[in-house]
Amino acid sequence: MPPQVSVILGYRKAANQQFWMPKRFVRSLNMTRLRERANLAAIEGLLVSDPVLTGIESAEQAMGLPRSTVLTSGPTMPFRSYTGGQRAAIIGGALYEGLASDEIAAAAAFDRGDIAVRGCQEFGCVGSLAGVTTASMPVLVVADSRTGEQAYCTLYEGDSVDRLNYGTYTEATRNNLEDLRLRIAPALNSLIDAQTEPLRLKPIMSRSLTMGDELHSRNAAATLLFLRRLLTGAKQVGPELVTALESLCDDYFFLRLSMAASKVMSNAMRGYDDSSVVTAMAFSCAEFGIQTSGTGDAWFTGPLPTFDDYRLEPGYDADDIEFMGGESIITEVVGLGGLAQAAGLPLHRSSGRDVSLMIARTTAMYEVTVTESPDFLIPVLNYRGTPLGLDVEKIVERPDHTPFLDIGIAGRSGRQIGGGVARAPLAPFRKACDALNST
């Protein structure tokens, strides 16, 4: 029995010892019970979800994304609110689609409303870093085998310096995007189509967590497990196999699958009245936002995250860091990433250079979550499940326990310059809690 309930039940009249509760405590007790039931129901929805990779399609085909719309990370903002690398990436997306002749013309078209910019998650998509997604880009399609609910994520751009989602659009960027669209995506899709069994992602994710991944900043084991599953499941393949393998040789490949699978799982927690469980987290260049199960599509926003620790490439310092957005923190929503640091100990160089600190971060998150995952287990914690179900009410009660976020770091030069551990701001969780308690 929760402590607050046992205290309330202890109230008795001194005169005759008959049980009684003041009205305000009755309301508090009822609300607590409703919330606990709602939160457990939301978690149950996540646990029974079964994300399956069904194929790769264009964003236009898979999501119904209009050609004149560019998606980007974070809650939707007016175009004028986007700055720096994220603004450059959005403009680059418009240029890639041929919607404008140059950057100035593209910016003017956004200002006029001829081209729209929307948050990725309005279309069920999750974007890495700037998260730019346009109609012709290929996206991974992941569906819950039970409900058919789908989520999407673009393919990993590779380790090229010229990456759109790090705020760079050059001829090299365009050539890379075209290679993904015309060569890599069709080849991978042929392997997916050749599968004799559904490509279920949760078993791969579960196993990789016991092999040193936390499925955000480290996906080395998951990528190899996925590659093996892809090859053993394809009974008939053609010469396109070699082409597909090229894109699977980078440890980060599985991150986009992890993101889409996490979005499917987090979607399964949505829509439970009174639930205070977080169902989405994302940030842009300007703000950090969350959604909860009991408040639907409303975003609650606050300032950008702050870094707990990080590692930068040689030649860079803190002044070179720029926030360009990010939605890969959807993995933290389902108990992975920063919440599972104790599983990803090989990341210790960028996560504080102290294994005991990484373990402490994970154990701290048990204080602000609903339960422990039966699917994602941490060997160093004697196979304890990862903290699952971020609870805005508990976070507000423990303001020093805002979620840890494992994120890549973009530089003002328009490339990835490092990685580290950030802390989510408290304000969005407080706003969400206030909204839940006012209904």
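Analyst: One term first: a contact means heavy atoms within 4.5 Å. This is a predicted model, where local features need pLDDT of at least 70 and side-chain atom pairs count only at pLDDT 80 or more, while totals for chains, interfaces and linings use all residues. Residues are numbered from 1 along each chain as its sequence is written, and side-chain values use heavy atoms, leaving out hydrogens and water.

User: OK, what share of the contacts between residues at least 6 apart join residues at least 24 apart?

Analyst: In this chain it's 69% of them, counting separation along the sequence.

User: And how much of the chain is buried?

Analyst: Of its 439 residues, 57% are buried, as in under 20% relative accessible area with a 1.4 Å probe, protein chains only.

User: How many helices and strands are there?

Analyst: The chain has 14 helices and 15 strands. These are DSSP runs numbered from the N terminus: H or I over at least four residues, or E over at least two.

User: Switching topic: how do helix 7 and helix 10 cross?

Analyst: Helix 7 covers residues 202-209 and helix 10 covers 253-267; their axes come within 11 Å and cross at roughly 115 degrees. Axes are fitted to C-alpha atoms over the stretch in contact, with angles from 0 to 180 degrees between N-to-C directions.

User: Which residues meet there?

Analyst: From helix 7, K202, I204 and M205; from helix 10, F254, S258, A261, S262 and M265.

User: What classes do the residues of that contact fall into?

Analyst: Between helix 7 and helix 10, five are nonpolar, two polar and one charged. Nonpolar covers Ala, Val, Leu, Ile, Met, Phe, Trp, Tyr, Cys and Pro; charged is Asp, Glu, Lys and Arg; the others, Gly among them, are polar.

How values were computed: Buried means under 20% relative accessible area, exposed over 50%, partly exposed in between (1.4 Å probe, protein chains only).
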